[in-house]
Amino acid sequence: MSLEAFSTSRALTLGVELELQLVGTHDFDLVAAAPDLLRVLEQQGFVGDVKPEITSSMIEIATGICEDYGDVLAQLTALRNGLLEGARRLDIGICGGGAHPFQLWGERQITDGVRYKHLSDLYGYLAKQFTVFGQHVHIGCPGPDEALRLLHGMSRFIPHLIALSASSPFVQGHDTGFDSARLNSIFAFPLSGRAPFVLTWADFEAYFEKMARTGVVESMKDFYWDIRPKPEYGTIEVRVLDTPLTVERAARLAALIQTIARWLMVDQPFTPAEDDYLVYAFNRFQACRFGYEGVWVDPESGERCVLGDAIVALVNRIGPHAAVLGTQAACAALAHDAATRTNDAMWLREQYRADPLLPELVRQQCLRWAE
Amino acid sequence: MAPDLSFLPGWIAPLDTSFWLAMLLVIAPLAGEAVFRLLGWPRIVGYTLVGLFASNHLDAGGLALSEGFRHGLEVAMAVLLFELGSRVHLHWLRDNPWLIATSLAEAGMTFVMVFGIGHYLGLGFGSSIAVGAVCMVSSPAVVMRVASELNARGQVTERLLMLSALNTIYAVLAVQVLLALLGQAHGQSVLQSLQAPLRYLVSTFVLALLLAAAVGVARRRLDLANENSVLLLIGLLFLALVLVRLAGASPILVPLLAGMVLRSRDLRPCLWPRHFGTAGGALVVLLFVVNGMAADWRLIVGGGLAGVTVVVLRAAAKVGGSVLFGRLSGLSMGQSVALGIALLPMSGTAFLLTASLYLAFPELGRHVAAALAGAAAVMEIAGPIATQWALRHCGETNIGKEAHHVA
C-alpha cells in the first residue's frame, strides 16, 4: 500500500477527537461497554462521529470540520450530551483523563475486528496497555509542504501542550509522579516518537516508500508519532494531549493549537531545523514528569526556563493571532492555568488527597465530565 | 468426593456435630474445586452437591438444625443479600424505565404461569399464589455468588442483580398480601388481617434504615477494605438479624433494602472484600452446603413431572419477560436471552419465604413446600450453571483470568 495523496483542506480549520473512558457505576473500574453504548446511541438517533477503540472500555468521539473555538466547543458539548444520554440508559459512567487510575491492563478485552486482532497479535500486552485516552487535534493545511513545515514548527511546543493537557498521574492504582503517565505507554511502541525531518512532500513520500519496502509499515496508521500528517484529511494531527477532564478544556487546547499554527504559518517566526530535535526527547520527558515545573530548553538559543513560564510567554507572543481567530479567551484561560500552575493532573491529585479512594476519584471525574 | 463415611470405624459415630461441621468445611471446598476444574461449573454447585449427598448418606440433620449454626447461615444469607442490595442503583430505574417494564414482565409472567399450573394441578388458590410468588424469585444468593465468583461485569450482570433484587422484593410483598387475604378468608376483619403484614413491613423498613445508617456511619470513619472493619460489618448484620427475629421482620428484606438504601443515599463507591472477607466466605460455603441438604434426591427423581413443568414454564416466562422489553431497554437479542437464562436460579430464598407461610398456616406451608421441592432441587444444581453460562456467553466474565488460576 503506498502513501495516499495529500488532500487539500482549508488552512486553520480544525477537528478534535477525544478518547473516553467507560466505567461501571458500582466500582468505577473500566467496563467493556463500548458495543452496548454504540447500540444504544444508534437507537436514540445519535448524530455524530463515535467509534470503538482498541479495547472495549474505550470510545472515541470526533467533531466534524470546525471553523473556530466556538464551533469546536459547541460540537463537543453536543457529542458529550448525546453520549451521556446513552450512558444513563446503561448506567455506565463516562469520563475524561489520560489514563484510568486503577484499571489492571490484564483485564482489558480487545475489541472485535481484523485490525485490532492484528495489533493485539503484533504488540501482545502492549495492545492492552494501550488502554490510554488521548485528545487528537487536526489542523487544516493548504498543502502537503506547508503541513510538514507546520509539523516541524509545532514540535517544539509539544512540551507546552503536554503540561497543559496532562491528566494521567495515576496508573494501575498508584501515583506515578508523572503529570502525564499516559505517554509512557505510547513510547513503548517501536514507531512512536517524532516524524523524520523532511520538509517537502516528495521527500516524505520517499521516506514512506523506503519504510514500506522494509515491510515495517503498511500505512500512515502504523506510525504512532506525536504529530503526524494525515494526507486523507489534508491535516496535521497533534496526538500528545491527554484527554482533559472537561470538553471546555479540550476545546481550549484545540484553540491554542490553532493559534500557534496561525502564528507559525503567517509569521514564520523561525525556520525548523533537524537540530531542533536534539532537545526534543528531554523537553518532552520533563513535561510528562514535572508538568509546568519541568525544564524547557529552547532548541534555538539553548536557554533553559521553567515550562510554565514558557507557556505564558508563548501565549503572550501569539496574542495578535488569537485576536484574529477569536481564541483570546481560550488562550488566556490556559495561560492563567500555566501561571497559577494548575492542570487536570493537579486537580486529580488534590481530589485524591481529600479522599484517598481511587474509585471515588473516578466518580468525581465522571461528575466533572458531565458538568 | 461423596462423603459416604460408613466405612469408617464405629468410634466415629458418637462424634459431635463439630466433627461434621469440620468435615463439611474440608469436603465442600474440595468438591467445589473439583466441579470447577473437571466440569467448568461454578463452585457452589460442588457445595450444594456435598449437601445433597450429606443429607442422604449422613445423619447430619442435627447439624443443620442446631441453633448457632442456623444463625451463622442466616448471616451468610444476609451478607449476600446486603452485597446484592449495595449493587442496585435505583436511579437507573428512573433513567431507563424499560428496566421496570422488564422486571414486571419477567416476574409477572412467571407468577401467572406458575400460578396457572398450580391451579391446574389442583393445588388450591392460596397455595397456587404462594408457589407463583416464590417462583418469581431469582435466588439473590446464587446470583450474587456466581456473579462475584466469575468477577462478572457488564450490562447483563448489572441487570441480573437489579432484577433479582426486585423480584425478591415482589415475592416477599406477595407473600404478605397473601397472608392478609388468607386472614380475611379465615374470618378476620380487614383491619385485623392487615395488621400482621403491616407490622411486618414497617418493622422491616425501620430495621433496614437503621442498618443502612449504621453501615453508613462505619464507612465514613473506617476503611472498609480493611479486614477489621469488615468484621464490624458482619457484626452489624448479625445484630440486625437478631433484631429482625425479635421484631418479627423479614430476614430477607432487611439486609437487601439496607444495601439498596446505602447505595442510593450515598453515591461514593462502597467497596468491601467479596462476601466480607474470609469469615463471610466460609459462611457462604456452608450456606450452600446446607441448601443442598434441604433438597432431596428422591424429590428430583420422583417428585417429577410437576417439578419439571414448573421449571420449564418458569424458564419460559423469565426468558420471555426479558426478551419482551430487551431491545427497548437497550440490550441486544442475545443479551436479552442470556439475561432471562441468568435469572433462572431459585433456592434458599424460596424456602425462607415459605417459612413465614408455614408459621402462619402450617397446612398451606406444607403443600407449597412439597410442590416446590422438586423444582427447587433441580434448580439448585442447574440454576448456577445457567447463570454462569449466560454471563460467559455474553462475554461479561474474564475467562482468561480464570484459566490462569487453574494453571
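Analyst: **Two helices side by side, and beyond**

Let's start in chain B, where α8(B) and α9(B) are roughly antiparallel to each other (an angle over 145 degrees; under 35 is roughly parallel, 65 to 115 roughly perpendicular, and the rest oblique). Before going on, note that this is a predicted model, in which local features need pLDDT of at least 70 and side-chain atom pairs count only at pLDDT 80 or more, while totals for chains, interfaces and linings use all residues. Residues are numbered from 1 along each chain as its sequence is written, and chains are lettered from A and ligands numbered from 1 in the order in which they are written.

Helix α8 covers residues 140-150 of chain B, and its axis crosses that of α9(B) at roughly 165 degrees, with the two axes coming within 9 Å. (Axes are lines fitted to C-alpha atoms, for helices over the stretch in contact, and angles run from 0 to 180 degrees between N-to-C directions; helices, H or I with at least four residues, and strands, E with at least two, are DSSP runs numbered from the N terminus.) The crossing of α8(B) over α9(B) is left-handed (the near helix is turned anticlockwise from the far one by less than a right angle; clockwise is right-handed). From α8(B), the contact uses P140(B), V143(B) and A147(B), and from α9(B) it uses T157(B), L160(B), L161(B), S164(B), A165(B) and T168(B) (contact means C-beta atoms, placed from the backbone, within 7 Å). Sorted by class, the residues where α8(B) meets α9(B) are six nonpolar, three polar and no charged (Ala, Val, Leu, Ile, Met, Phe, Trp, Tyr, Cys and Pro are nonpolar, Asp, Glu, Lys and Arg charged, the others, Gly among them, polar).

Helix α9(B) also leads us to the other chain. The contact between the chains takes 17 residues from chain B and 21 residues from chain A. On the chain B side, α5 (91-95) and α9 (155-185) each supply at least two residues. That side of chain B has four nonpolar, seven polar and six charged residues.

Eight of its ten residues are buried, so α16(B) is largely enclosed by the rest of the structure (buried: 20 or more other C-beta atoms within 10 Å of its own; exposed: 12 or fewer; partly exposed: in between). The buried residues of α16(B) are Q335(B), S336(B), V337(B), A338(B), L339(B), G340(B), I341(B) and A342(B).

Helix α9 (residues 247-267) and helix α13 (residues 328-339) of chain A have axes 9 Å apart and pack at an angle of about 105 degrees. That angle makes α9(A) roughly perpendicular to α13(A). Here α9(A) brings A251(A), R252(A), A255(A), L256(A) and T259(A) to the contact, and α13(A) brings A330(A), C331(A), A333(A) and L334(A). The contact of α9(A) with α13(A) has seven nonpolar, one polar and one charged residues.

Q268(A) is not a glycine, but has a positive phi of about 45 degrees. Having 11 other C-beta atoms within 10 Å, Q268(A) is exposed.

Now for the strands of chain A. Strand β1(A) is largely enclosed by the rest of the structure, because ten of its eleven residues are buried. Strand β1 (residues 14-24) pairs with β4(A) in the antiparallel sense over four bridges (strands pair if DSSP finds at least two bridges between them). In β4(A), I94(A) stands opposite L22(A), and I92(A) stands opposite G24(A). Strand β4 (residues 92-95) is covered on both faces, with I92(A) and I94(A) buried on one side and G93(A) and C95(A) buried on the other.

Strand β1(A) is also joined by five bridges to β5 (residues 134-140), running antiparallel, where V137(A) is the bridge partner of V16(A). Five bridges join β1(A) to β3 (residues 58-62) as well, again antiparallel, and there Q21(A) has M58(A) as its partner.

Finally, F28(A) lies in the loop between β1 and α1 (34-43) of chain A. It has a positive phi of about 60 degrees although it is not a glycine. F28(A) counts as buried because it has 27 C-beta neighbours inside 10 Å.

Definitions and conventions:
Two residues are in contact if their C-beta atoms, placed from the backbone, lie within 7 Å.
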